[in-house]
Amino acid sequence: MDGDQDKRKPHRPRKSGRKAEKKAKKHEATRAVSQAGMTAKQKNPKAFAVQNVTKLKKRVRRTLDIKEKKVHDPVVDRTPLEPPPIIVAVVGPPKVGKSTVMRGLIKNYSSQKLADVRGPVTVVAGKKRRLTFIECNNDMNSMIDIAKVADLVLLLIDASFGMEMETFEFLNICQVHGFPRIMGVLTHLDYFKNNKKLKTVRKTLKHRFWTEIYQGAKLFYLSGMIHGEYLKNEIHNLARFISVMKFRPLTWRSSHPYVLADRMEDMTNPERLRLDPKSNRNISFYGWMRGVPLKNKSTVHLPGCGDFLVADVSCIPDPCPLPDLTKRRSLNDLERKLYAPLSGVGGIVYDKDAVYIDVGNSQSQKTHLGDEDDEEELHGAEKLKAAMISSEKSLDKKIVESSLSIFSHSAAITSAEYSKQRPPDALPPFETVKDGSRNRRKAIFNTSLPEELPSESDEDDDYEEATPIKSRERLQLAEGDDHLSFDEDSDDGDDGFEEGDVRNESFKEDSDEEAEDSGQLRWKENLVAKASEAFLARQRTTPNLRKLVYGDVLESEESTSRAEEIGGMFKVISKSQKNSIDDNDHSRALFSPTRDWSSDEVKALIKDCFVTGEWESSKDAQKLLEEDDELYGDFEDLEQKSGSSDDGSGGSEAEEGGDDQKESTEGNNQKSRKLTKEDRKKKIEAKRLAKKQRVKDMFDAEYDKATQGDGTENRFDARKAELEIQAKLNRSEFEGMDDELRVQYEGYRAGLYVRIEIHGLPCEFVNNFDPSVPMILGGMTSNESVIGCVQARFKKHRWYSKILKTKDPIIFSLGWRRFQSIPLYTIQDHNGRNRHLKYTPEHMHCNAIFWGPSTPQNTGLLCLQSYSTDQKGFRVCATGVVLSLDKSMTIMKKLKLIGYPMKAHKKTAFIKDMFSSQLEVAKFEGAKIKTVSGIRGQVKKALRSPEGAFRATFEDSILMSDIVFLKAWYQVELPKFYNPVTNLLLPAASRSSWQGMKTLGRLRKEKGTKAPFSEDSQYQKEPERKKHHLKPLTVPRKLQKELPFAYKPKVRGKWEDPALSKRIAVIRDAQEKKREQLLNQLRTIQTAKEIKAREDQHQRQQQFRKKKRAEEADKNKVRQKMRKDLYMKLGKIKEKVNKKMNYNEADD
């Protein structure tokens, strides 16, 4: 039984029948869906249905928010093909590890270690990106200048100390001058031994950093150091983020040219410096162009020095070029270049006019020169430096003692032997040969060779015959010989030729024939080829006059094919090939070799150049008529008969592809003659319908695209596409132009390494030069060089502790400039008047008007009181933005003039002490005046005396005690004070504490003087007026007798008993005083009891009255009810009586 139970039949699926067919159909449908490329959601939509509506709503909202954040106002991409290096500024307070981070990043990119980082350091970070690292000093001037040019800022924060005030100051500077990309770096994290505290500090600093920058700003953590360097993995992670960072162009930088100078060179004449050491210098600055192109002879501003005119601008080879565009994932070691001229990388610095070599100290020289075995390890610049240091003889002595061996087995010839054998000025010997009618002088050279030298073999001749240079190849060599240069490493030997070889090649054949057989006349052979070659050689050596006169020649491309020439007579002109800015001058015209004009092929090529040939589509009369027919329809010639056919009216179809244009005209004419009038109409109608259909399809496509969604994304994409087209147009405008000519039109564009020479710089700039201070050459427009009135929206910074007083000098940072000026603060009233303010408002904007350089509107400005580092608290005192450059703006200040009545008569009064002369009175005639009591008046005429008094009329009579005042406005003049900050001319010790004009309060504090005291300027309480005492009313006695008693005066003086005044004072003894005191106490007790009794009695009376009022109210209610019932009964009785009486009268 058990064995039978274990034996179970396996399931056998049906292979035929209705169920099997149903399953097969299902599998076929599934297979068709998978083959159709449907997604899983399309196959099974129920599985992807909404499970939670709230989650879906949040997810959709988040997706839309992210999508909306990406939408921004697109700008035109002006980035050149080879962009300049990205400026990465390392900013932070002292002792946070700025130099260490820079050395780590430089080592990560270039695999080189810099001991001392000074000035900008440029490295190659990728195939299309270079980086310029620069360290920012703890100086307000450097922080402001760096914020204006930096593309990326590495903001270092000491985590063990926290965020310092310099960090917040730099962030505010960046907010004003265009916010660059900022990445935070936390250092000194190894100081924390407790992980919990470390986590808390990191979280706190991260959220504070996000508050200042934006939510989600990148913050890196450098956990610790090993052997004085940060961890390699952390530095590599930071470098990766820097390499892929994207940047958005800022407004000021994208509209101005600027150069961050890598180095500078003094080009002043040494003789002038010897005569006058303090004379102005001629300085050359080197760096990459950034921003818009810079024109020669334009004005630039050097922050910290002043405005200067550019004497000369030239482009020099890029010292740190980008690697070649090869398909590799990473750079090799040779392409990881490092350029740090101020840091002395490599020991040799190349300049335009000199080469500077760092010879090092005596120890380094001994190490290089002590061992001969080490010389093999030296290479490159180190070997050159060691050889120059080890040389004991001058160059002249080496030349005299040198020897030359022409062949490997020949004896060496010294310089002295050569000068003895043949003087340098001696001519070679020659012999006279008579050739026909003239004598020819042939120079004779020593052609004897050593015996060991083998004779020339025939292999050279065979090689020359096997590789002849055709005329076309010679022409190409002539076109490009200016570009040719000998390269030792080139694999192809044909790449390098000397100019003499190409020019003299046409004469090789003659010399060979004369050497082989001088007796035979071979000169008549190949005369045409020789003449053409000689003509080409002369043309190549002839200078191009057009190049000399106009400075440019448009030469055809080297790759011009024979197909671009029409019969060897006409040539298609194409755009000139783009030349490098360092190319040599081209001064040769191009000539193509002649062709066989008897050939039919050549004749066919130039056939269309004549009247009998095929016309172009824009000049063919038949095609033009056909186009007119398409536009205006067919017409009927009334002069011809109705049955006549239109010969010649038809033409070939003008198709877009242009294939039919190559057919001959005769074939088209024959085809047009066969077409009838109806066929032409049908063709024209078909073309018209096809054109309408294309227009309709284009409209439908645009309409469908515009109606998808809300249209915002489409408009954004359309705007981006439009700007991309504009960017391509901008690039293609000067793409095919020669760089020398392009510079004249466009200027020196961004990405070029330029040399800018400036004349007239102060000598202090060179004497106090510091590589750690950035040198920026900011280009300016013609309007920005004008100094005038500038109006700005102004607000005191909320973190600055003091309010700003008008006419106190402050330091402005506006555009490229830093200068000191005296601002006036105003606020605009409702009537448009600019009212003068004495102090800046506490929590609102005001207008600031100052004398400074003209700057475009919406340019941010920053204000400081001083550069002193001793100042406690926040140093940025105010921020603002330029509004306008209106020089006609007036600033009005309120003026209140006070006067006193001199004489008053009814509604007229004479006022004094308000004006000082009759002229002032005449100026204010008709002005409104007012008294303290509110009586209004008007100024009339001036009086002769006293000076400044005038007559005024009022609404009512005024008193002599009234004060009269006049409300007026007068214009405030703007102080024309402009003092540029010249911190680069100061020594390094006092550079960070540049001092300009001091405020009045600071001068009084330094000198210990107090402000002048004036009672009128003090804030006083409201004046207390004395009470006016009226005189007693005196009524005559006669009138008193006639007045009734009620109106008679009853005021009498205090009556005093004359007897009391004569009484003698009684002095009591102690017993009497005690007795009197006891009586007073008893009297006081009695009085208190009486008062209490009266109060109790009054209370009882009140209660009794209240009770009585309640009883009386109840009684009144009862009385009212009884009276109501009585009146009702009386009314009923009266009504019955009246009815009865009426009934009796009716009976009668």
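Which residues form one aromatic cluster with Phe 812? I found Phe 819, Phe 850 and Tyr 978 in that cluster. A reminder to myself: this is a predicted model.

**Entry: aromatic pairs**

I searched the whole structure and got 18 aromatic pairs. One of them is Phe 220 with Phe 241, an edge-to-face pair with 5.1 Å between centres and 75° between the planes. I checked where the two sit: Phe 220 is in strand S6 (residues 219–221) and Phe 241 in helix H9 (residues 232–243), so the pair links distant parts of the chain, 21 residues apart. Then I looked up accessibility. Phe 220 is buried at 6% relative accessible area, while Phe 241 is partly exposed at 32%.

Next I noted Trp 288 and Tyr 753, also an edge-to-face pair, at 4.8 Å centre to centre and 75° between the planes. Why do I call Trp 288 buried? Its relative accessibility is 0%, and buried means under 20%. Tyr 753 counts as buried too, at 2%.

**Entry: charges over rings**

I also looked for charged ends above rings. The charged end of Arg 202 sits over the ring of Tyr 221, 3.9 Å from the ring centre. Lys 896 lies over the face of Phe 965, 5.6 Å from the centre of that ring.

**Entry: helix H8**

I turned to helix H8, residues 195–212.

Which residues of H8 are buried? I listed Leu 198, Val 201, Leu 205, Phe 209 and Glu 212. They cover an arc of only 65° around the axis, so they lie on the same side of H8.

What do the buried residues of H8 pack against? I noted strand S4 (152–158), helix H7 (165–176), strand S5 (181–187) and S6. On the face turned away from the buried side, I found the exposed residues Lys 196, Lys 199, Lys 203 and Thr 211.

Last, I checked the start of H8, where a side-chain oxygen of Asn 194 comes within 3.2 Å of the backbone nitrogen of Lys 196.

Note on methods: Residues numbered from 1 in each chain as written. Predicted model: local features only at pLDDT ≥ 70, side-chain atom pairs only at ≥ 80, totals over all residues. Heavy atoms only, no water. Phe/Tyr/Trp six-rings, centres within 6.5 Å; stacked < 30°, edge-to-face > 60°. Helix = DSSP H or I, 4+ residues; strand = E, 2+ residues; numbered from the N terminus. Buried < 20%, exposed > 50% of the residue type's maximum accessible area, 1.4 Å probe, protein only. Lys NZ or Arg CZ within 6 Å of the ring centre and 35° of its normal. Expected span 1.5 Å × (residues − 1). Arc of directions from axis to C-beta. Contact = heavy atoms within 4.5 Å. Polar contact = N/O pair within 3.5 Å; in protein donor to acceptor, adjacent residues only side chain to side chain.
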